[in-house]
Amino acid sequence: MSTIEFKGLVKKYRDVTAVDDLWAEAKPGRITGFLGPNGAGKSTALRCLLGLANPTSGESLIGGRPYSGIAHPLQEVGAVLDSSGFNGSLTARQNLKIICAASGIDYKRINEVLELVELGNVKGKRTKGFSLGMRQRLSLAVALLGDPQVMVLDEPANGLDPLGIVWLRKFLRDLADQGRTILVSSHQLAEMQHTVDDVIIINHGKLVVKGTIAEVTKGKSLEEAFMNLVVGA
Amino acid sequence: MKLLKSEFLKLVYQRRTYGLLLAAMAIDVLATAATPYVLSKSKLGIEMSLSTPTAVDAIYAKSLGGYLFVVIVGVFLMSSEFAHHTAIATFLATPKRIRALGAKLIVAAMFGAVFNLVASAVGLASGAIALSAYNIKVAPDSYIWVDYPASAMLTGAVLAVIGVAIGTLIRNQNLAVSLTMVWLFLVDRLIAFIFPDWGKWLPTGLITSLSDLHIKVGGANSPITIDTSSFLDPWPAAGMLLVYGIVFSMAAVLTTLRRDID
């Protein structure tokens with residue numbers, strides 16, 4: 001099964017420690033919220049997990065392997081890291097075709113995922129005209145191209161309107177119910193309370209708390225628990 | 001093969017690629033068409049008789065000028081990955097970075113060779129038409145029709161690779177393109193022109209050397225002196241160009257392996 005594991009992950013940039021000895025995991029069939037204030041180290045940890053940043057020490061594994069050790073990464077791990085990661089002068093379909101070609105994914109899958117994220121009607125349009133919400137959906141489409149068992153999402157709700165957020169929540173729940181591992185970072189605590197099963201909270205690069213949502217909130221709202229743990233800590 | 005296809009799509013989907021090809025063809029046509037007139041009518045003391053083989057070679061050698069745009073194609077192929085943040089998708093699909101970059105360098109070399117061959121062929125045709133206006137014809141079996149296209153392919157391949165490497169080393173796309181253009185359009189040419197003993201080791205000098213063009217015109221009574229008499233022979237020049245390509249590729253690989261991807 002494809003568990004995500006951070007094992008003593010440390011990432012330093014010169015004198016700044018962005019991630020400091022992080023131990024945490026996200027399990028299959030569950031949505032794990034990865035929370036923390038701005039600059040807490042969430043994005044850095046996710047970049048280390050996906051092989052985009054080299055850790056200073058420690059490791060991060062997916063299904064027991066580093067990302068770089070996965071033979072067909074997009075078929076095992078889908079990631080949403082940056083909604084601006086498209087060439088604006090190319091159409092949505094062309095952007096996805098380039099990724100399919102690199103991964104050996106059948107082009108037929110492009111129409112399927114674009115329909116799934118409700119962008120089927122704009123597949124021939126250049127992405128420079130896309131709104132932030134449309135680019136977020138397109139990022140999700142990229143993540144789904146390989147029909148992966150693991151999804152790593154960094155702030156996927158950014159730019160989505162309330163309908164889009166509800167759509168995303170249901171979307172992630174459906175994926176988790178299929179047994180997939182979902183790790184999602186977000187600032188939107190109220191929304192995350194309705195979405196996640198487990199929580200990892202970090203601050204200043206260090207783990208603050210991890211557990212099920214019930215264990216972490218102890219009957220309070222996630223926002224209250226977060227404020228007590230992060231601001232009050 | 002998958003990666004090569006992906007990198008190839010990145011080039012052919014970009015309308016900019018075709019614009020640069022048109023620009024390369026235009027500059028080759030302009031240079032080969034105008035040079036006979038310049039050589040025969042110049043008041044700068046660099047006139048040559050168009051009936052000499054050297055003058056004919058000098059005119060056809062202008063068909064190699066498209067490399068200025070090939071290098072920009074290479075720069076864009078890499079720097080646009082950082083400008084649009086598509087490097088993330090590229091390296092998520094291919095986490096072994098050396099493979100991703102290797103594919104990019106191979107596609108750049110292949111595409112650069114064909115790109116410069118097409119531009120050069122148009123330039124050669126333009127030169128032939130221009131020379132025919134002066135009643136000068138080069139026999140079809142002349143080495144010009146073999147050596148110059150081969151030189152164009154080698155130049156295109158190496159300069160495209162150098163462009164990719166520059167795009168890797170300088171992640172700011174505007175800066176990478178600007179510095180490359182200023183260097184190749186201005187600095188490299190001025191060094192080759194003013195200090196030929198140094199310039200012969202730089203790209204412009206080496207590409208000129210591929211034409212096997214050893215000339216010295218102008219001099220004491222002329223404000224301009226063109227002196228390529230000390231330039232390398234074609235084979236050493238080709239070898240030196242390849243060394244440039246290899247050194248730049250190594251720098252690109254080392255940088256890509258070491259840096260985090262934003």
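This is a predicted model: local features need pLDDT of at least 70, side-chain atom pairs count only at pLDDT 80 or more; totals for chains, interfaces and linings use all residues.
Me: In what order do the strands of the open sheet of chain A stand?
Reply: The sheet is open and holds three strands, with antiparallel pairing. Strand E2 (16–26) and strand E4 (57–62) of chain A are its edge strands, each pairing on one side only. Neighbouring strands are turned by 20° against each other on average, direction ignored. The order is E2-E1-E4.

Me: Over how many bridges do E1(A) and E2(A) pair?
Reply: E1(A) and E2(A) form a hairpin with two residues between them, and A:Arg14 in the turn has a positive phi of about 50°. A:Lys12 stands opposite A:Thr17 in E2(A). The pairing is antiparallel, and the number of bridges is eight.

Me: Which residue of E4(A) does A:Glu5 stand opposite?
Reply: Strand E1 (residues 4–13) of chain A pairs with E4(A) in the antiparallel sense over five bridges. Within E4(A), A:Glu59 stands opposite A:Lys7. The residue opposite A:Glu5 is A:Leu61.

Me: What angle does the direction of helix H1 (residues 42–49) of chain A make with that of E1(A)?
Reply: This helix packs on the sheet and touches E1, E2 and E4 of chain A. Its direction and that of E1(A) make an angle of about 115°.

Me: Which elements are included in what covers the buried residues of H1(B)?
Reply: The buried residues of H1(B) are B:Leu3, B:Ser6, B:Glu7, B:Leu9, B:Lys10 and B:Leu11. Their cover includes elements of both chains: from chain B, helix H2 (15–41), helix H4 (67–83) and helix H6 (97–132), and from chain A, helix H3 (92–103).

Me: How many charged residues has the contact of H1(B) with H6(B)?
Reply: On the side of H1(B), the contact comprises B:Leu3, B:Leu4, B:Glu7, B:Phe8 and B:Leu11. The residues that they meet in H6(B) include B:Arg99, B:Lys104 and B:Phe111. By class the contact has nine nonpolar and no polar residues, and its charged residues number three.

Me: How many residues of chain A are in contact with chain B?
Reply: Helix H1 (2–12) and helix H5 (86–93) of chain B each supply at least two residues of the side that touches chain A. That side divides into 10 nonpolar, seven polar and six charged residues. Chain B brings 23 residues to the contact, and the number from chain A is 29.

Me: Does B:Trp201 count as buried, exposed or partly exposed, and why?
Reply: B:Trp201 is placed in the loop between helix H9 (196–199) and helix H10 (203–210) of chain B. Its C-alpha atom is separated by 19 Å from that of B:Met153, 48 residues away along the chain. A buried residue needs 20 or more neighbours and an exposed one has 12 or fewer. Because B:Trp201 has 16 C-beta neighbours inside 10 Å, this residue counts as partly exposed.

Conventions. Residues are numbered from 1 along each chain as its sequence is written. Chains are lettered from A and ligands numbered from 1 in the order in which they are written. Two residues are in contact if their C-beta atoms, placed from the backbone, lie within 7 Å. Helices (H or I, at least four residues) and strands (E, at least two) are DSSP runs, numbered from the N terminus. Ala, Val, Leu, Ile, Met, Phe, Trp, Tyr, Cys and Pro count as nonpolar, Asp, Glu, Lys and Arg as charged, and the others, Gly among them, as polar. Two strands pair if DSSP finds at least two bridges between them. Axes are lines fitted to C-alpha atoms, for helices over the stretch in contact, and angles run from 0 to 180 degrees between N-to-C directions.
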